[in-house]
Amino acid sequence: MIADDIWAKLLWAGLNVESGDLPTADGRTYPAELIRAITLTWLFAGQRSDEIARLRVGCIRWQHDGLPIPGDSGEVLARDAVCLLDVPTHKTGTAFTKPVDPLLGHAIEAWQAVRPGQPAILDPKTNERADFLFTFRARRVSKDYINGTIIPMLCRKAGVPTADVRGNITSRRARSALASQLYNAKEPMTLFELQEWLGHRTPEATAHYAKITPNTLARAYKDAGYFARNVRTVEVLVDCDAVASGAAANGEPWQYYDLGHGWCTYTFFEQCQHRMACARCDFYTPKASSKGQLLEAKENLQKMLAAIPLTDDERAAVDDGQAALDQLLERLTDVPIPARPTPRQIGIPAQVTLLPVIEINRKPTGQ
């Protein structure tokens, strides 16, 4: 792949080629229309240099609503016409047709309009005479012309080096860059669609080009909702008087996690394995008790929400109901509570009322 920032600069350079940028070949300068057409073909077609050099005259066709239309149908072309490129027989398959950007179609048609008449030239791959698109003065443009002339010209104009950490910028790397961008687009091509677009015989060959970018991976991770799936919130009362007076620093309870049926004062509540099915240890205060009623009657209590990460068993207890809860209770029978003994040693059955967790709903960005 070519880095996105370098590729963007090369695209800009290709779309803004001027007469002063035109390279020479054997001391001669190709027409500006030919230079622009072959440049945009490299930037937009995603084809190998040999295939670009072997494109035929008339390789561009236009369609609208599945029907062919003439290339000078300006009103339709300005809206939503599809530009099709006919690719000749290549090293991995037969000739095929693919959609390309209309900018490329316009550039090729502009060159065809001024292209002098040329004699047919023998195609070494098919052993037939053909009217090659990129010919001038009875000579076909070499397949090395892109690597040796076009790419250095674009790099100079764009102000980027001709090589990066992955090596020289070559015609083949543009094919990788285009494939990667199509695979990582907002509405991406599938692997099989990309296979057809690149002209590969098997999806295994396409997989080498279909690389997931870090941005796409990050977006997919965010869309997977891992945080929202594994985290819930629980109400907690904060005793502001205990905090202000320093009693909290001396070990007095100051946080009261709402268990639905009671309160838990364990400071590290989010680490307690029994939080979903309370074992009623020394940190537990029933809401119906006099101590629990006095707590709710206190002033200067601030109600807040605390984020609680859930394990797989706890999430199953929330999502799947009583059967999953019973399995959780059975698993915790011999797990020590914060006060150290296990529920089995205490001899008190765990409270089967689930912790009243609240699902986190995050608004989309910008709302």
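Figure 1. Cysteine 59 is buried, with a relative accessible area of 2%; buried means under 20% relative accessible area, exposed over 50%, and partly exposed in between (1.4 Å probe, protein chains only). The model is predicted, so that local features need pLDDT of at least 70 and side-chain atom pairs count only at pLDDT 80 or more, while totals for chains, interfaces and linings use all residues. Residues are numbered from 1 along each chain as its sequence is written, and side-chain values use heavy atoms, with hydrogens and water left out. Under the criterion that a disulfide is a pair of cysteine sulfur atoms within 2.5 Å, the count comes to zero disulfides. Cysteine 59 is in no disulfide, and the nearest cysteine sulfur, that of cysteine 83, is 8.6 Å away. Cysteine 272 is likewise buried, at a relative accessible area of 10%. Its sulfur lies 6.2 Å from the closest cysteine sulfur, in cysteine 264, which is too far for a bond.

**Figure 2. Packing of helix H2 against helix H7.** Helices (H or I, at least four residues) and strands (E, at least two) are DSSP runs, numbered from the N terminus. H2 (residues 32-44) and H7 (residues 171-183) pack at an angle of about 50°, and their axes are 8 Å apart. Axes are lines fitted to C-alpha atoms, for helices over the stretch in contact, and angles run from 0 to 180 degrees between N-to-C directions. H2 and H7 are therefore oblique to each other, given that angles under 35 degrees count as roughly parallel, over 145 as roughly antiparallel, 65 to 115 as roughly perpendicular and the rest as oblique. Trp42, Leu43 and Phe44 of H2 make the contact with Ser171, Ala174 and Leu178 of H7, where contact means heavy atoms within 4.5 Å.

**Figure 3. The nonpolar cores.** A nonpolar core is a set of buried Ala, Val, Leu, Ile, Met, Phe, Trp, Tyr and Cys residues joined through side-chain atoms within 4.5 Å. The largest nonpolar core has 55 residues, of which Trp7, Leu10, Trp42, Leu85 and Phe134 touch the most other members. Not counting residues up to four places away in sequence, leucine 10 touches Trp42, Leu43, Leu154, Cys155, Ala158, Val160 and Ile169. A second, separate core of 14 residues includes Val234, Tyr257, Cys264 and Ala306. Of the 367 residues of the protein, 41% count as buried.

**Figure 4. The loop between S9 and S10.** Arginine 137 is placed in the loop between strand S9 (135-136) and strand S10 (139-140). Although not a glycine, arginine 137 has a positive phi of about 55°. Alanine 138 lies in the loop between S9 and S10, and its phi is also positive, at about 65°, although it is not a glycine. Alanine 138 is partly exposed, with a relative accessible area of 42%.

Figure 5. Phenylalanine 283 is found between strand S15 (262-264) and strand S16 (284-286), in the loop, and is partly exposed at a relative accessible area of 28%. Phenylalanine 283 and tyrosine 256 are 27 residues apart in sequence and 9.6 Å apart in space, C-alpha to C-alpha. Threonine 333 occupies the loop between helix H15 (322-331) and helix H16 (343-346). Threonine 333 counts as partly exposed, at 22% relative accessibility. Its C-alpha atom is separated by 5.4 Å from that of proline 343, ten residues apart along the chain. Leaving aside neighbours within four places in sequence, threonine 333 is in contact with Thr342, Pro343 and Arg344.
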